[in-house]
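Thanks for coming, everyone; I would like to walk you through one model today, beginning with a pocket and then turning to the helices. Please keep the structure open while I talk.

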Amino acid sequence: MSLWEAVAVFAAGLGAGTINTIVGSGTLITFPVLLAVGLPPVTANVSNSLGLVPGSVSGAIGYRRELRGQGRRILRFSAAAVVGGLAGAVLLLALPSGAFKAVVPGLIAVALVLVVAQPRLAAAVRARRARNDTAGHRDGGFGLIVGLLLASVYGGYFGAAQGIIYLSLMGVLLSDDLQRINAIKNVLTALVNAVAAVFFLFVAHFDWTAVALIAVSSALGGQIGARIGRRLPPIALRAVIVAVGLVAIVQLLLK
């Protein structure tokens, strides 16, 4: 890797760490750059997964204030993230590299619709519960666990816009502030990347220069993203999520 290629990878990691903490989809920044500097697709994917772990951890630390009081919820969701992330990592090596390509843009589009509609959907759910005099599950219930499990399978496989999918699911099924939900998203993303990376350590080839560059830069980006993201009001955060998601869809369709 030349000096300028290393600079490009470092810059991509910084951008990915920042955008992952705020929204997600950082893989859409780093993965194309790793391919451009000559890494094979699978090597680029696994190196990217390991390199982004420090960024996700950094982002979660940056959101530590919003994580307070969510310990039980995080434990429940983390179990689904770990199982799903491991399953996705196995699928990456077992399935053709383009197996998810056809469904990912549609998946992101549905997630964006849910993000935009979340306030009305959540209000409708609360109104229905009030009419029926029933209380919703504090942690989203079984449906949310299944949704997070499936999203984590996708995250372990590739992970582009994984954070957007997490935000859409939790935004609809949890009665909570979007910033607190975003904090959980950062924890789940860190877990999925870490589990997938540990699995890949035993069965795949890494480019350790790329891993080191992305690890350092994404950790810096995670702190930047936390500073920016937690200051955004809900409507601005939703706008950022939608903008990033639309860019992700266009990029995936043009590949």
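**A pocket and its helices**

The residues of the lining of the second largest pocket divide into 9 nonpolar, 2 polar and no charged, where Ala, Val, Leu, Ile, Met, Phe, Trp, Tyr, Cys and Pro count as nonpolar, Asp, Glu, Lys and Arg as charged, and the others, Gly among them, as polar. This is a predicted model, in which local features need pLDDT of at least 70 and side-chain atom pairs count only at pLDDT 80 or more, while totals for chains, interfaces and linings use all residues. Residues are numbered from 1 along each chain as its sequence is written, and side-chain values use heavy atoms, with hydrogens and water left out.

A pocket here is an open set of points on a 1 Å grid over the protein atoms alone, where a 1.4 Å probe fits, with protein on both sides within 12 Å along at least five of seven lines, and lining residues have an atom within 4 Å of a point. The second largest pocket has a volume of about 170 Å³, a volume being the space filled by probe spheres set on the points, which are joined across faces, edges and corners. Its lining includes Leu107, Gly147, Tyr154, Ile165 and Ser168, and helices H7 (104-132), H8 (141-157) and H9 (162-173) each supply at least two of the lining residues; helices are DSSP runs (H or I, at least four residues), numbered from the N terminus.

Let me stay with H9. Its 12 residues reach 17 Å from first C-alpha to last, close to the 16 Å expected at 1.5 Å a residue, the expected span being 1.5 Å times one less than the number of residues. Because 11 of those 12 residues are buried, H9 is largely enclosed by the rest of the structure; buried means under 20% relative accessible area with a 1.4 Å probe, protein chains only. Gln162, which is found in H9, has a relative accessible area of 3%. Leaving aside neighbours within four places in sequence, Gln162 is in contact (heavy atoms within 4.5 Å) with Ala151, Tyr154, Gly155, Thr189 and Val192.

Now to H11, residues 208-229, whose end C-alpha atoms are 30 Å apart, in agreement with the 32 Å that its 22 residues should span. Its buried residues, among them Gly221, Gly222 and Gly225, pack against H1, H2, H3, H4 and H10.

Overall, the protein comes to 12 helices and 0 strands, and 52% of its 255 residues count as buried.

Conventions. Buried < 20%, exposed > 50% of the residue type's maximum accessible area, 1.4 Å probe, protein only.
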